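Dear colleague,

I am passing on the structure below, together with notes on what turned up when I went through it. Please read the notes with the coordinates open beside them.

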Amino acid sequence: MLGHAGDVEPAGWRRTPVEAGTSLPAPAPLFKKLDDAVVALVDVATDIDAAWYEFTRAPIVDAMVAAHGRAATIDFAGDGDEYEDVGYVALTAQGVPLAMR
């Protein structure tokens, strides 16, 4: 678990002290690391079970469409209230069956 106490290195984080007055780079999008991790998994998967509330993360949508294009089996559950989200629309257009609650 990450926090102020304990060892964060096993989780892939490292402590880097910053000197006062140092200009910091602009932060990357909050979910970029997560997007990259999910895309890496989807890119090599042949059998995908996925569930999303709002399916709007473009890199993940693109990876799922590409997975369908290479004949990966996709079982996808989504939120019926968000049925018009770009991701749901893209998968439906490609013929991916969606189970919506």
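The notes begin with the chain as a whole, then turn to one helix and the loop after it, and end with the core and the aromatic rings.

This is a predicted model, in which local features need pLDDT of at least 70 and side-chain atom pairs count only at pLDDT 80 or more, while totals for chains, interfaces and linings use all residues. Residues are numbered from 1 along each chain as its sequence is written, and side-chain values use heavy atoms, with hydrogens and water left out.

The chain holds 3 helices and 3 strands, taken from DSSP runs (H or I of at least four residues for helices, E of at least two for strands) and numbered from the N terminus; read along the sequence, they follow the pattern α-β-α-β-α-β. Of the 101 residues, 25% count as buried, where buried means under 20% relative accessible area, exposed over 50% and partly exposed in between, with a 1.4 Å probe and protein chains only. Taking contact to mean heavy atoms within 4.5 Å, 47% of the contacts between residues at least 6 apart in sequence join residues at least 24 apart.

Helix α2 covers residues 58–69, and its 12 residues should span 16 Å at 1.5 Å a residue, which agrees with the 16 Å between its end C-alpha atoms; the expected span is 1.5 Å times one less than the number of residues. Ile60, Val61, Ala63, Met64 and Ala67 are buried in α2. They cover an arc of only 165° around the axis, which puts them on the same side of the helix, the arc being that of the directions from the helix axis to the C-beta atoms. The cover over these buried residues includes α1 (32–44), β1 (47–52), β2 (73–78) and α3 (86–93), whereas the face turned away from the buried side carries the exposed residues Asp62 and Gly69.

In the loop between α2 and β2 lies Ala71, whose phi is near 75°, a positive value in a residue other than glycine. Most residues other than glycine have a negative phi. Ala71 is exposed, with a relative accessible area of 63%.

Beyond its neighbours within four places in sequence, Ile74 is in contact with Ile48, Met64, Ala67, His68 and Val96.

The whole structure contains 5 aromatic pairs, counted where the ring centres of Phe, Tyr and Trp (its six-membered ring) lie within 6.5 Å, with planes under 30 degrees apart called stacked, over 60 edge-to-face and the rest tilted. Trp52 and Phe76 are stacked, at 5.7 Å centre to centre and 10° between the planes; Trp52 lies in strand β1 and Phe76 in strand β2, so this pair ties together parts that are 24 residues apart in sequence. Trp52 is partly exposed at 24% relative accessibility, while Phe76 is buried at 3%. The rings of Phe76 and Tyr88 have centres 6.0 Å apart and planes at 85°, so that pair is edge-to-face. Ring pairs link Trp52, Phe55, Phe76 and Tyr88 into a cluster.
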